[in-house]
Amino acid sequence: MWKKAFSKAPDFQESDGETAKKRTLKTLEDLKTFIDFKHIKYCLLKPYFEVKDYPLVQARELLPSFEVDLYEYKALPGFSMVAFERQLNSFQEVFQYDALHAPSDWEEMQRHDNCTIEENVISHNVQTFQSRLSKRYHSEFIDEFEGKDVCSMAAYPKILPFLLELERAHVLAHDSSGEFTLQGVYASLPSNLDSELKQFGLRIGKFKPGNNLMYECNRLFVYQFMMELHGFPIVSERRTSSAMFAIRLLRQNERFIVRVLGQSDRTITTMMSPPPGTPKKLLKYPRIEKTALVQINENQKDLIELLKDQGFFIDDKKHVVILRVIYQQHDYSPKNVRENRALSVLKQEIIHPITGRVNDSLNIIQNVRNMILRLNDIVRGEYRIPVNYKRTEVITDTDTHERRLKVLFMWLSKHMHRIVDYSDNYYSQIVRVLDGYLLAPDNYDVFNDHYALHQEVWARYGQIQQARKVRILEDLRYRQYKGEHISYRRMLILMTEILSELKFEIVNYFDNLVVKVLIIGNDVVSDAYLRRKYINIDEKSLSPYGRDIRKLYQELVMLLDEFRSIRKSRVASKPTSGTI
């Protein structure tokens, strides 16, 4: 099937075989369309049909925060690539690569010696490429490309299998005529990780110059947040260097594409300079996309029927689709209860394997019903998807309560941000499942045997419950409640009610949540209009409504003082097991 992939896609038809010579690729967007088809066909579809037991990507793996890879699949392809919408200037570039030259680069010289120069350039390119290939591929490469132009994008599909055998990146850029060609191989993308990490940590306030303890405590958080902004967990050098290089190119206002496929994640990740017209506030990060082969959950029967009727499956029996996910980055804010949320899903696109048509109206990876079903599977012991527990253990089933508790902890940790934002209806379903398992009398003896694990899950569950309340406080700070704009009086009533409840729930204490409560509360009590209109004036001049607001304001101040006292006593004492 993979050989017929995208055979009816207009852009792909023009870019295959001899007709490719008629197609010019001059803009980054044109190039991206071209390589999207090529990389999906030869790096995802071809291995799927040729490698036995191809490891499909689970939908949850494309949901931030991204999980650490469990295995490396040596039989699968991997590559890294960088593309520039300009000509290369080898001496001034900030990375090292073996240069290749399209015949058009020597146009002026060819006017004097037409045949010899072109033949020398072609021969030099072939020799340069061959020198970086493993010896076992030399004869096959020479048979295919001796005397041929390896730089032309018409040759890209045929040379791609050899590019996949190189350890380092290949480079696409404009030739002298302004068209994209293969301009370099064996490129080393610089990774100034130490400098980038420290600068980013200082910028978001997690590091301070010379403060070693603060650095050591927050380094992992900063590292993970920075990497996730660029589409990765903390992973291999290939993907780390790609992310660091994308940061550098964006800072230099380059027009670029950095793309990487890992043998462990089986996912094509693209970092691209934002397209023209992007709002200024979004220009600080590259556009992040991930493309992978994903199996549709068997519970989504209506969706399966729809995709089957429209021919979107590459494998009808296993219900496998080509899924591209586009992400949106979020600035770090210490006021945000979802503090470590760096990415969220902006768009999901299912790509038709024959026509290349895109359907972006379907929800594959964020389906709440599927998540609740997965949660049910975990507590019933029917979950069979490998889970990496704290990077120390791979759990492949939930047959025992010990494994269920470990998987449940990781599931709650991964989906915490989404659960915090769920509607009351969906959240109540999750509470029903969790309470039904964690509070079941039949499980008391088992949970006593695994007390530490049980408390670990309860701590995460409690953190989610408290975070949902703090999330409401975030909206109330701007006088928003359940999508409606409310009065100052209504805001203060709701805030004092929530803080009164929360005060008794922080027996399971989470310092980061208490800090957020204090920040939000201080923003409210410092509100200039509120103080000018109701607080910093003579009480006798207030109306009954104004005196009511003043009373609620004073109650809020008292509650915040109580939270400060609680935090002071907790920080002064040894951290409890509930502290995350």
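Tutor: Start with a term: two strands pair if DSSP finds at least two bridges between them. Keep in mind that this is a predicted model.

Student: What is the order of the strands in the open sheet?
Tutor: The sheet has 10 strands, with mixed pairing. Strand 2 (96-99) and strand 10 (358-359) each have a single partner strand, so they stand at the edges. The order is 2-4-3-1-5-6-7-8-9-10.

Student: How many residues of strand 7 are buried?
Tutor: Strand 7 has partners in the sheet. Five bridges join it to strand 6, and eight bridges join it to strand 8. Both pairings are antiparallel. Strand 7 is mostly covered, and of its nine residues the buried ones number seven.

Student: At about what angle does helix 2 run to strand 5?
Tutor: Helix 2 covers residues 28-50. It lies across several strands, including strand 1 (79-87), strand 5 and strand 7 (287-295). Its angle to strand 5 is about 5 degrees.

Student: Is glutamate 93 buried or exposed?
Tutor: Glutamate 93 forms a salt bridge with arginine 86, with the closest N and O atoms 2.8 Å apart. Arginine 86 is partly exposed, at 23%. The cut-off for buried is under 20% relative accessible area. Glutamate 93 has 12%, so it counts as buried.

Student: How many residues apart in sequence are the parts tied together by aspartate 331 and lysine 284?
Tutor: Their side chains meet in a salt bridge (3.1 Å, N to O). Aspartate 331 lies in the loop between strand 8 and strand 9, and lysine 284 in the loop between strand 6 and strand 7. So the parts this pair ties together are apart in sequence by 47 residues.

Student: Which helix holds aspartate 511, the salt-bridge partner of arginine 567?
Tutor: The closest N and O atoms of this pair are 2.7 Å apart. Arginine 567 sits in helix 20 (residues 544-572). The pair links distant parts of the chain, 56 residues apart. Aspartate 511 is in helix 18.

Student: How many salt bridges does a search of the whole structure find?
Tutor: Some share partners and form one network, with Lys32, Asp36 and Arg259 among its members. The search of the whole structure gives a total of 37.

How values were computed: Residues numbered from 1 in each chain as written. Predicted model: local features only at pLDDT ≥ 70, side-chain atom pairs only at ≥ 80, totals over all residues. Heavy atoms only, no water. Helix = DSSP H or I, 4+ residues; strand = E, 2+ residues; numbered from the N terminus. Contact = heavy atoms within 4.5 Å. Axes fitted to C-alpha atoms, helices over the stretch in contact; angles between N-to-C directions. Buried < 20%, exposed > 50% of the residue type's maximum accessible area, 1.4 Å probe, protein only. Salt bridge = Lys/Arg side-chain N within 4 Å of Asp/Glu carboxyl O.
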